[in-house]
Structure formats: C-alpha cells, structure tokens
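Dear colleague,

The model we discussed is below. My notes on the sheet and on one of the chain contacts follow it.

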Amino acid sequence: MVNIGCVITTPGSSKNNKTGSWRTFKPILDKEKCIDCDNCIVFCPDSCVNKQHDIDYDYCKGCGICANECPSDAIEMVKE
Amino acid sequence: MVDIPDKNLLAPGHRGCAGCGASIAVKLALNALGENTVAISATGCLEVMTTPYPETAWEIPFIHVAFENSGAVASGVESALRIQGKENVNVIAFGGDGGTVDIGLQSLSGAMERGHNMTYICYDNEAYMNTGIQRSGATPFGATTTTSPMGSASFGEDKPKKNMPMIMAAHGIPYVATASIAYPEDYVNKVKKAAETKGPAYIHLQQPCTTGWGYPSDKTIEMGRLAVETGSWILYEIVDGKFEITYRPDERKPVKEYLAPQKRFRHLDDELIEKIQKYVDAECEELGL
Amino acid sequence: MIREVMTANKAVAEAARLAKPQVIPVYPITPQTTISEYLAQYVADEKIDAKYVKVESEHSAISAAVGASATGVRVFTATSSQGLMLMHEILFAAAGMRTPFVLADANRAISAPLNIWNDQQDSIAQRDAGWLQIYVENAQEALDTTLMAYKISENPKVLLPSMVCLDGFILTHTVEPVEIPDQEPVDEFLPPYKAEHAFLDPKNPMSIGNLADPDYYLEARHDMQVAMENSIEVIQQTCDEFAEIFGRKYGLVEPYKTEDAEIIFVAMGSLCSTIRVIVDQLREQGEKVGLLKIRAYRPFPVEAIDEAVKNCDKLAVIDKNVTFGIGGALYTDIKAKIHKEAYGFIAGLGGRDITPDSILEVYEKTKNVPEKEVTWIGLKEE
C-alpha cells in the first residue's frame, strides 16, 4: 500500500535514512579551538551541526566542508 | 552573519552527494524564509535526492511536477494560495540550470511576466548533473562535459554561458539578483529581499558541484569563493531596475586560480585560459567590477 | 433555471461558472477559444471569484492546474488538439498525483497536415494518461457532464482528473437551446471541494509529486487502476443523483433501440445524433438496428456495453480517430473486451462530413460483411 498519489505526509522523514554510513573521513571538532564563527553550521550540506557545534554522525557524510571552512583549524578529518 | 535557526527546514538524511552545494543552497533559503513557505521544484538533483518515497527531507510543503514547468506550477500554487486569502505564505520555486535556462525557460518567463508574488531560485551548477554531467545553456566556455567533451577536435563547450539573470531583468520584474553559496550572508539577504518583494523575484545562484566540476568534496565553498574572487561570477542585484554590485573582491585574482583545481577545465591550454580571462575581464568591465 | 440558445462552448463555460472553480489557467486554441474568452469575461465581471491565470502555453495551463489543484482548490481548464498534445506529459502527472480537476477538450484533428476541424484523435491519444474521458453529444450534455465530472473526479474513491470531450465546431460553434441550472441546486449537487489526500498548506506540510522507486511505483499505478474501476460505479451514482435534482438522465452508455436490434452502431459524441436519425429511418424500413452511444470511454464500461449488445448479432463501430496499423481505438477496445462480431469504420477525420449516406454505407457493409475488418468511409477514389 502507498499513500494516494505517493504523497508523503511526514515532513523531514528523510531522517530515517542515516547517511552517516557513507562516511570514510570523520570530522572531529576541538571545541577549545572553536571561535563560534558558525561556518560549519552554515555550510554543512546535511544540516548536521547544531547550534552548540555538536556534529551528528548519524548523518554526517564526511564531505569535509566544515574542516575546510574552519578559520581556526578546529576541525580535523580523521579516517574512520 | 547568517541567523542559525533551531530547526533546519531541509532535514538531513537526503541523498545529496557528500559536499553537495544544492543542499546548502536550499537549506539556507528555507531557513531564511521560515515555515510559512511552500516550495516548488523542477525535476533534477534537488527533487530526486530529497523526496524518494516514503521519505522527504522537506519540513515545509513541497511539490514537484516535471522538469520544465516549475514556473507554471508555482503560478498555480501562488494563485491558489492567494485566492484562499493566504497572502503571507512565501512561494519559492527552485530549478537547476537545465530546468531554468534551457527546458524551463518558457514556463519561467510566463510566470515572471504575469507578476506572481513568488521567488524563483536557479541553483546553477552549470550542467545537467542529475543525469551525469551533460552540458546546459549555463555551462561555461571551455568546460568539458559528457555532451560537450574535449577531444582531438574539441576543447569542450565552445559557447559562453547564457546570461540568464539579465534575461530575467529584461522582464522588468522588481527584483533580480545573482548570488553564491560561498557568500551566505549576501545570499540570505537577497532571499529575504526577494520574498519581501511584492511580485516576482529571481535569484541566480552559483552552486559548485563536487561531482560535476571535479574537485574534492570539501572544496565546494572554496570553489564558489574562487569564482567570485576571480570575477568569474559577479554578485549583484537589480532592484526596480537599479543595478548594484553587492560584493567587490579587494583585488581580482587571475581566473586560472579558479579553473586549475577543477577537472572540467584541466585540459585547457594557456591560450584558452587567456581567452576565458578576456571574457571575464570584459564582463567585469561591463558591470563595473 | 433559464433556457438560452448557445454553443456547447458557452454551455461548458456556464458549467464552469456554476462549479465555482477558484483557479482557471487557460490558453486559447481553436475551437476551444470561446471557452477561454467567456471565462475571462466572467472573472472580469466578478461572476466567478477565481484567479484567471493567463498562461503562455497549454503546457503551463495544465502545469498551473496541477499546482493549484494540489494546493487544495477546485480548478478548471480547457483546450483542444495541439494544445492537448502539448499537455500530454503533464496529463500523466495530473493523474498520477491524483489532482481531481476538470478539463474540457474541444475535439479537433491533430497535425500534420495542419487541420482545425473536428475528429477525436486528440483526446483518444491521451486515453492511457489515467484521466476519465466522457464524450458528449450536444450542448446540454456538455454542460451537465462538466458539472458531473467534478463530482466524479473529487469522489474519494476516484481522485482522478476528468476530460469532457466535445466535438469541435459541430458542438463548439453551433447553437442549440440549453437549460442553465440555478446556482442553488448546483451547490447542493456539488459542494465545495475539500482536499484530504494532498494539499499544500504550511500548517500541515506534505511533499507531493515525489520520486517512487521500483518498490512503490507499481502499487501507485495499481491504485490508479483501482480508482478507474471504482469510477464506473461512481459515474453511475453521480448520473442518478444528477437526474434526481435536474431531471436529465445520463449513464456510462446510452442505448437506443438496442433491445431487439440485430446490428448495433457503436459511436461517441455528436455523431450519435446523425446515427439516431438513420436508425429511425432503417427501422421504418423494417431493419432491426440500434445505436449504442459510449459516453464514458475511460473507464471503459464493459458490463454496460455487454448488457446493451447482448441480443444483437453484429456491431458496427465508427471511430473518428485511428490507431495506425490496427484500426480505430473504440473498435479495438470493443474487439478486445466485447465478444461479438464487430467491424470497424474510420470516418470523419479532419472534419470530413459524416453524412446520413455514410451511416447507411456502414450499415450496408456490416449487414453484408465488409471486405476488410476496418473500412475507411468516404475515402475519395483516385
């Protein structure tokens, strides 16, 4: 059974799909070095850095944009 | 700075590539507009990666119908909302460069000309990326794609990029802007201005694509920045016909710095790079950058 | 109720006015044009409280219609011929997305060669889109069917769009007396549309028009088949309800003198009026002949047809369309589903007159068994 017209009535249900399994490199944030610029939040394609700069590894695909855009080198990409 | 919302309106778990620029583009736009928004999308990367049934990444109402008609679908949505008295709901349509400058041009032109109160964002990654990097009217001169390939008798795409924002400006609509995901504050301001505009607004957003351009996934923002810092992509807006540059690089970098890290331009020799530099110089001069 | 002399296009526009659509995206094309003009005027005169979307093509007309319907409002549009062909892709999307709006198609031939006159090739070419298709014979039926189409499409057991097919020029540009119902009984018959399954509202976010992979697509298409099957009963019910309020009785098919007929003509649209005259004429000569008018072509009302033709020997199926390489579409459907000796006749393409003599020729050929299974009527000899 599918919904009529395959309408999806649960917004944000892509969260069921844990894209963290795609990752080969894992971003590790050193909060000591963090200067709260929020670049990692703004530029994350997978909306997986929260306001406290915690990285949600359930979804992080390990693209490395956050590390590349971090002005204080607070994020290191580590092989899984 | 860009306001950070408590809840992202494009949820994680979508199937965009690692380092996908389109996801950044849409996330920033939706977060800027808030929940009182309806989104329309053309067929393309965005639609396919965000709505594989039974899961959606959209936290707001979303509709997709086909590749070439997001302008017209948005016209219907906007008309239906307004006749129901829902004047304050933001209507935002997204199309990739193919869905906007090629197959969707007529539908978009009609929507803009009719004056619907809506915003259209073209997320331009400069080729048909969803189907595997075929050239579009927005593919820049010199880029190799699977349908404008380099070869013994070809250096890749041999025509310059279609000037879509100026085509939109020629419609006389109240708001036209270019933007880049590498300049989020500028982009988000423009999205908000577009939404506040009474009538149609168009934003042409450059959005680097790791898969199609051929650079490492962590360089998506860096590529966007290089495009702007070299003058290859110029940030401006046209409000009620008045043109203004919204960001000026301190000193324009040579275009080679933008081209060199990308696989799609790697085959270009000095002569062709010089030709591209001249194109860029002429464009910058024309727009007063 | 008032009685007025008008074209079928005006009758359709009147029905659209009475149905109170809130969004009308429409693009003019011969011979539908006057529908788009009447509706523009009704909106300009505040006779309808609707947004008239002045689209730049039929493709955008149908696209805007889907968008508006998915936003939860009643929608009307109309087109013809090349316009319907341009809509083709989105007709499928409208059905698959289950947007239950109504489109009137002024039946016209398809290019090439370019031709603006009547046949039914345009809508027949859309038969697999997942739309209900009802063919009408006159202006009154056009009005009544347009109203009924909304009630049928919006029924939760159906939720598929409907196409009301009226013959170009023959109906769209000739006048006849039409009863225009009052608004009150129409409102009673057709209450406002309330979308439950799909609507765009920030208070209840849904994603509509999604990607469905091989795990889901088959079920989605099967649901449409079930909806189409359900529509048989819903059409009949709606016709009965309509008859109760307005006194005019319609059905899936309309049999005429078929009870004891040995040969039955099968046809759709305005042609049935001509055939009825010939049936009477032949009856006077002692010939046992009847007519089965097919109103619902999709869904294809197999049981109703079976019932109407059960006593006859032969069927003469007249098509104003051709499926090249096999025959007329109605004929091939009849051959596939109705177990009777049947012969196909292609006639009237591109507006060629189907005269009483053409019908007599069909009758004679059927009676004496035609040389070919499918015969083209009125073809000029070299």
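B:Gly96 has B:Tyr123 of E4(B) as its bridge partner. Strand E3 (residues 90–96) and strand E4 (residues 119–124) of chain B run parallel and are joined by 5 bridges; helices (H or I, at least four residues) and strands (E, at least two) are DSSP runs, numbered from the N terminus. This is a predicted model, in which local features need pLDDT of at least 70 and side-chain atom pairs pLDDT 80 or more, while totals for chains, interfaces and linings use all residues. Residues are numbered from 1 along each chain as its sequence is written, and chains are lettered from A and ligands numbered from 1 in the order in which they are written.

Both strands belong to an open, mixed sheet of 9 strands, ordered E10(B)-E9(B)-E7(B)-E8(B)-E4(B)-E3(B)-E1(B)-E2(B)-E9(C) (two strands pair if DSSP finds at least two bridges between them). Its edge strands are E10 (242–245) of chain B and E9 of chain C. E9(C) (residues 207–208) runs parallel to E2(B), with 2 bridges between them; B:Phe62 is partnered there by C:Ser207.

H3(B) lies across E1, E2, E3 and E4 of chain B, at about 170° to E3(B) (axes are lines fitted to C-alpha atoms, for helices over the stretch in contact, and angles run from 0 to 180 degrees between N-to-C directions).

As for the two chains, 38 residues of chain B are in contact with 38 residues of chain C (C-beta atoms, placed from the backbone, within 7 Å). On the chain B side, H3(B) gives the largest share, 11 residues.

Regards
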